[in-house]
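Subject: Structure for you to look at

Hello,

Here is the structure I said I would pass on. Please open it alongside this message.

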Amino acid sequence: MMNKQKFIDKFMAAFVLLAMFKIIGIVAQLFHESFWSVIGTLIIFLIVAFIILMVIAALKDKEQNERNSRRKGAAGGNFYLETSLFDRIRSKYEELAEKYIAEKDYKKAAKVYMNLLQDNYRGAKTLENGLFYNEAAAVYLKKLKNKSDAASCYEKAKQYKKAIDLYKDMEQKEKVGDLYKEINDLQNAHTYYQMVADDYTTNKQMVKASLVYRKKMEKTEEAQKILLKGWEEDKDAFNCLNNYFANIVDVKKLETEIQDLYAKTPDYKKIIYLDAMKHEFKKDPELQSITRNIAYEIIAEKVGNRSEIVNELKHFNPDDEVILKDISRFKTGRNKMFRN
């Protein structure tokens with residue numbers, strides 16, 4: 001359409017130009033003037049006319065600029081007026097939403113937030129607070145793209161399969177396992193729990209892996225194996241050993257385990273074992289004898305290189321004031337020996 005119009009405009013311009021030359025020729029014949037003489041007169045006339053038109057256009061531009069300036073001033077006033085009006089309207093909508101909430105009409109309040117105030121998040125939260133979990137989940141998911149809050153709402157609504165799908169998308173494996181367990185799908189639950197335990201093991205978080213085995217999967221033996229692995233491979237050794245002992249309820253069995261593990265403990269880890277014995281000593285009176293003996297043995301072995309280790313004796317003799325004096329005399333005598 002535009003190309004056609006341009007063609008027409010060019011055609012008309014050419015036609016008018018030819019017509020003007022024809023008229024000039026006729027005028028020249030009528031007034032017995034040469035063609036070029038008439039052309040010269042016409043050019044002078046056009047120049048004068050062009051100058052006059054430029055002056056008129058400049059005056060019009062000046063007038064238009066003044067009008068625009070006045071309009072801008074008026075527009076500034078209108079802006080503040082419109083802003084004030086907008087704030088009043090918004091305030092009224094807020095009051096209306098609060099009124100609906102006070103009346104426990106959460107759906108109407110949510111509509112005010114979403115449709116009138118353009119606040120989808122508060123709309124979703126209002127629905128959630130009103131226990132309209134499915135509706136809230138839909139808003140979280142479709143309007144806010146918030147999978148986490150949507151999954152939480154589906155879970156509250158007991159829409160477990162929808163929640164599971166969202167938690168899978170977010171790679172929250174333990175949560176997926178929990179929800180499968182909630183619907184008694186233990187096979188899938190254990191599949192996801194195993195993934196979690198494997199991730200913890202890969203990251204050398206053996207205690208966390210053991211908790212998944214023991215509390216989520218109810219596999220106490222697997223939990224103990226992973227803790228023993230952590231102790232043996234120096235992956236958070238102290239906490240692994242401490243939790244390993246804590247999981248043994250039978251005192252006689254625990255006493256045996258303490259002795260057996262100490263027998264296999266390498267020299268560089270005996271200080272860690274000594275720290276663990278402090279906890280076991282306090283646990284049960286039946287364990288005090290074995291833990292004290294192990295402590296004495298470790299202290300006797302290490303005192304030559306680190307005299308401060310004798311301070312550990314007080315943890316295994318809390319009510320013996322004499323031993324504190326013995327420790328003091330030992331340290332004093334050792335210091336005198338080094339000074340001499």
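Below is what was found in it, starting with the whole chain and then going through a few regions.

Please keep in mind that this is a predicted model. The protein chain has 16 helices and zero strands. Of its 340 residues, 29% are buried. If you take the contacts with a separation of 6 or more, 36% of them join residues 24 or more positions apart.

Helices 10 and 11

Helix 10 covers residues 206-216 and helix 11 covers residues 220-232; their axes are 7 Å apart and the packing angle is about 170°. Angles over 145 degrees count as roughly antiparallel, and the two helices are therefore roughly antiparallel to each other. On the helix 10 side, the contact is made by Met206, Val207, Ala209, Ser210, Tyr213 and Arg214. Helix 11 contributes Thr220, Glu222, Ala223, Ile226, Leu227, Lys229 and Gly230. By type, the residues of this contact are seven nonpolar, three polar and three charged.

Helix 11 on its own

The length of helix 11 checks out: at 1.5 Å a residue, its 13 residues should span 18 Å, and the end C-alpha atoms are 18 Å apart. Its buried residues are Ala223, Gln224, Ile226, Leu227, Gly230 and Trp231. Because they cover an arc of only 165° around the axis, they sit on the same side of helix 11. The general rule behind such a pattern is that an α-helix has 3.6 residues a turn, so residues three or four places apart point the same way. Glu221 and Lys225, on the other side of helix 11, are exposed. The cover over the buried residues of helix 11 includes helix 9 (186-202), helix 10, helix 12, helix 13 and helix 14.

For background, most residues other than glycine have a negative phi. Asp236 is partly exposed, with a relative accessible area of 38%.

Helix 12 spans residues 237-246, and Ala237, Cys240, Leu241, Asn242, Tyr244 and Phe245 are buried in it. These buried residues pack against helix 10, helix 11, helix 13 (251-263) and helix 14 (270-283).

Is Lys270 buried or exposed? Lys270 belongs to helix 14, and its relative accessible area is 12%, so it is buried; the cut-off for buried is under 20%. Leaving aside residues up to four places away in sequence, Lys270 touches Tyr262, Thr265, Ile298, Glu301 and Lys302.

Lys104 is in the loop between helix 2 (35-102) and helix 3 (106-116). Lys104 counts as exposed because its relative accessibility is 59%, and the cut-off for exposed is over 50%. Its phi is positive, near 65°. From Lys104 to Asn129 there are 25 residues in sequence, and the C-alpha to C-alpha distance is 9.9 Å.

Regards

Methods: Residues numbered from 1 in each chain as written. Predicted model: local features only at pLDDT ≥ 70, side-chain atom pairs only at ≥ 80, totals over all residues. Heavy atoms only, no water. Axes fitted to C-alpha atoms, helices over the stretch in contact; angles between N-to-C directions. Helix = DSSP H or I, 4+ residues; strand = E, 2+ residues; numbered from the N terminus. Parallel < 35°, antiparallel > 145°, perpendicular 65-115°, else oblique. Contact = heavy atoms within 4.5 Å. Nonpolar A, V, L, I, M, F, W, Y, C, P; charged D, E, K, R; others polar. Buried < 20%, exposed > 50% of the residue type's maximum accessible area, 1.4 Å probe, protein only. Expected span 1.5 Å × (residues − 1). Arc of directions from axis to C-beta.
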